[in-house]
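Open the model in your viewer and keep the sequence panel beside it. This tour goes from selection to selection and says what to look for at each stop.

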Amino acid sequence: LAMVTDLRRALDNDEFVLHYQPKVSLRDMQVTSVEALVRWQHPSRGLLPPGEFLPVLERSGLMQPLTRWVLRQAIQQAASWRRAGMPLQVAVNISPRSLLQDDLPARVLAALLAAELPASLLQLEITETAVMTNPERAAFVLTQLQSRGVEVAIDDFGAGYTSLAFLRILPITALKIDRSLIKDMLDHDADEAVTSAVTDLAHRLGFSVIAEGVESQALLDRLAALGCDQVQGYVISAPLPPAALEGWLADWQ
Ligand code: G
Ligand code: G
Ligand code: MN
Ligand code: NA
């Protein structure tokens, strides 16, 4: 596959970039965190979204080097924002396979130390599929990270099949409700009932609730009424390159 060769070169040549999408608190509309989302600045095809290359990367065994690059880059960016007086928490997506790497906690903690970034300024987003592939192993890895202060969120919650019983013992701080669950909530009472129940359950377990892919003010208002803690989505901002995010933040406050 030509693309695999291209991806190897992209890793060597630093062709990936991170965009950042804010999440805001529904209590005071302040930014709580920004999610790092990778793009590929392809030399001839332009800026490619992750859907066009992550599956190939995963199949060709190149996800580990990308995960390491994203972690390092996002941590350095957060450290640089902090030095500039903007202590923003950065959230990094960790692929299912990367989560099961033995050395993930050591690598993350070493990168934090090297950048002199407090662990609380890093959040890891783990999909529920990743967790359910090997729950005991996931809990073991995540516990090591969370005990050092790294925040952990379950991503795309509601899109897969997380065992509710297992949620009790997961070392996490937040649940991100998948867009598929909330997007039609204003028209479908059943969707709203599920979102409402998930929110209450998460709160009872001590997790905060983040709704993702929120595109309208009406949906944001309904989520607020249900007790959802944070929202992320186009109604707030699309993912932005670092400099654009800084401009956006200055306007937002
Ligand atoms: O940015 P966009 O909405 O197009 O992202 C599409 C998908 O790619 C999402 O599911 C997102 O979680 C995933 N993704 C984006 N950046 C990363 C990354 O750095 N690592 C991993 N593993 N997944 C990512
Ligand atoms: O799976 P994950 O949550 O990591 O991926 C987030 C993806 O959702 C990114 O590809 C991002 O670009 C996309 N996204 C972010 N906000 C919105 C939104 O309001 N609507 C839609 N449709 N997609 C969004
Ligand atoms: Mn995510
Ligand atoms: Na998600």
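Leaving aside its neighbours within four places in sequence, which residues is V141 in contact with? Select V141 and look around: the contacts are L99, L104 and P105. Bear in mind throughout that this is a predicted model.

**Stop 1: V141 and helix α7**

V141 sits in helix α7, residues 135-146. Count the C-beta atoms within 10 Å of its own and you find 25 others, so V141 is buried, the cut-off being 20 or more.

Colour its buried residues: A138, V141, L142 and L145. Look down the axis of α7: these residues fall within an arc of 95°, so they line one face of the helix. The spacing has a simple background. An α-helix has 3.6 residues a turn, so residues three or four places apart point the same way.

What do the buried residues of α7 pack against? Show α4 (96-99), α5 (104-115), β5 (122-127), α6 (128-133) and β6.

**Stop 2: D156 in strand β6**

Stay with β6, residues 151-157, and pick D156 in this strand. Check its backbone: phi is positive, about 55°, although D156 is not a glycine. Most residues other than glycine have a negative phi. Is D156 buried or exposed? D156 counts as buried, because 21 C-beta neighbours lie inside 10 Å.

**Stop 3: D14, for contrast**

Jump to the loop between α1 (2-13) and β1 (16-25), where D14 is found. D14 also has a positive phi, about 60°, and is not a glycine. Its surroundings hold 10 C-beta neighbours inside 10 Å, so D14 counts as exposed.

**Stop 4**

Next, the largest nonpolar core, which has 67 residues. Which of them touch the most other members? Select A74, A78, V90, V92, L122, L175 and L223. Helix α3, residues 63-83, gives the most to this core, with 9 residues. In soluble globular proteins, nonpolar side chains tend to be buried together.

Zoom to α3. It has 21 residues and reaches 30 Å from its first C-alpha to its last, close to the 30 Å expected at 1.5 Å a residue. Its buried residues are M63, L66, T67, V70, L71, A74, I75, Q77, A78, A79 and W81. Just after α3, G85 takes a positive phi of about 85°.

Then centre on L175. Not counting residues up to four places away in sequence, L175 touches A153, I154, F157, A202, F207 and V209.

**Stop 5: helix α10**

Select α10, residues 189-204. At 1.5 Å a residue its 16 residues should span 22 Å, and the end C-alpha atoms are 22 Å apart, which agrees. Colour T195, V198, T199 and A202, which are buried. They cover an arc of only 100° around the axis, which puts them on the same side of α10. The cover over these buried residues includes β7 (174-177), α9 (179-182), β8 (208-211) and α11 (217-226).

Turn the helix over. The face of α10 turned away from its buried side carries the exposed residues D189, A190, A193, A197 and R204. Pick D189: it has 9 C-beta neighbours inside 10 Å, so it counts as exposed. Just after α10, G206 takes a positive phi of about 90°.

**Stop 6: the two ligands**

Which residues are around ligand 1? Show L37, V38, P49, P50, G51, L54, V70, N93, S95 and P239. By class, this shell has 7 nonpolar, 3 polar and no charged residues.

Finish at ligand 2, which has 14 residues around it. N93, G213, E215, G233 and Y234 come nearest. The shell around ligand 2 divides into 4 nonpolar, 4 polar and 6 charged residues. Keep N93 selected: it is listed around ligand 1 and is one of the residues that come nearest to ligand 2.

Technical notes. Residues are numbered from 1 along each chain as its sequence is written. Chains are lettered from A and ligands numbered from 1 in the order in which they are written. This is a predicted model: local features need pLDDT of at least 70, side-chain atom pairs count only at pLDDT 80 or more; totals for chains, interfaces and linings use all residues. A residue is near a molecule or strand if its C-beta atom, placed from the backbone, lies within 6 Å of it. Ala, Val, Leu, Ile, Met, Phe, Trp, Tyr, Cys and Pro count as nonpolar, Asp, Glu, Lys and Arg as charged, and the others, Gly among them, as polar. Helices (H or I, at least four residues) and strands (E, at least two) are DSSP runs, numbered from the N terminus. The expected span of a helix is 1.5 Å times one less than its number of residues. A residue is buried if 20 or more other C-beta atoms lie within 10 Å of its own, exposed if 12 or fewer, and partly exposed in between; C-beta atoms are placed from the backbone. The arc is that of the directions from the helix axis to the C-beta atoms. Two residues are in contact if their C-beta atoms, placed from the backbone, lie within 7 Å. A nonpolar core is a set of buried Ala, Val, Leu, Ile, Met, Phe, Trp, Tyr and Cys residues joined through C-beta atoms within 7 Å.
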